[in-house]
Amino acid sequence: MRYPKPDQETASESKPRSIGGINIDPVPPTDFARKSLSRTIPVFRPPGAIDEFQFLAGCTRCGDCIAACPYDAIRNAPDRLGSVAGTPIIEADVAACMMCDDFPCITSCKPGVLVDSIRPVMGTAKITEHLCLAHHHTTCTVCSERCPVDSAIVVFEGKPTVDEDTCTGCGVCRYVCPAPENAILLMPAFIRPGLPNA
């Protein structure tokens with residue numbers, strides 16, 4: 001899933017009972033059987049990254065994927081990111097993922113938190129139209145020309161559009177955008193597939 005969806009179960013038809021604006025409805029019991037979700041900051045992981053909870057549990061912070069990247073696109077998360085500090089991330093403003101054909105980052109990952117069995121989706125790009133040069137009667141197709149993923153950015157009547165089903169969130173479009181204020185918004189993948197029996 002690219003974007004978090006609102007929890008349908010939390011939507012309630014009736015308003016909670018209150019006295020003077022203070023909710024007096026009973027607190028539901030805690031479900032200890034429910035698996036806790038990782039409450040980490042959403043970041044752009046390298047291609048093939050598994051579910052964030054499993055990723056953080058398995059990543060040894062060895063740096064092999066960083067060393068294997070021929071474009072220096074993978075780097076250690078800085079200390080300011082708390083629990084994800086030291087784990088591999090991609091910052092498209094510094095260096096975007098070039099979507100290598102052989103994905104050396106995945107091959108080099110001995111802990112198995114980067115796998116080739118899932119689609120290498122890091123997130124999704126979105127074009128902010130009011131910042132995009134092409135949407136202001138200027139000829140600019142740099143993002144579509146440099147995109148390493150076929151048909152992820154389509155140009156219609158001179159204006160680029162991102163196909164969210166094809167986009168991998170590699171960040172090349174953001175890295176090359178020539179607009180005075182970058183017209184590409186990148187959203188990380190909030191939910192990634194996990195490994196079975198993990």
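Guide: Here is a walk through that core and the strands that go with it. A quick note before we start: this is a predicted model, where local features need pLDDT of at least 70 and side-chain atom pairs count only at pLDDT 80 or more, while totals for chains, interfaces and linings use all residues. Residues are numbered from 1 along each chain as its sequence is written, and side-chain values use heavy atoms, with hydrogens and water left out.

A nonpolar core here is a set of buried (under 20% relative accessible area, 1.4 Å probe, protein chains only) Ala, Val, Leu, Ile, Met, Phe, Trp, Tyr and Cys residues joined through side-chain atoms within 4.5 Å. The largest one has 44 residues, and Phe55, Met99, Leu114, Met122, Ala125 and Ile184 have the most contacts inside it. Take Phe55: leaving aside residues up to four places away in sequence, Phe55 touches (heavy atoms within 4.5 Å) Arg45, Ala49, Ile50, Thr87, Pro88, Val113, Leu114 and Arg192.

Now for the helices and strands, which are DSSP runs (H or I, at least four residues, for helices; E, at least two, for strands) numbered from the N terminus. Those giving two or more residues to the core are α3 (104-108), β5 (123-127), α5 (172-176) and β8. The largest share, three residues, comes from α5.

Let's stay with β5 for a moment. Four of its five residues are buried, so β5 is largely enclosed by the rest of the structure. β5 pairs with β8 (pairing takes at least two DSSP bridges between strands) in the antiparallel sense, over five bridges. In one of them, Gly123 has Pro188 of β8 as its bridge partner.

Conventions. Buried means under 20% relative accessible area, exposed over 50%, partly exposed in between (1.4 Å probe, protein chains only).
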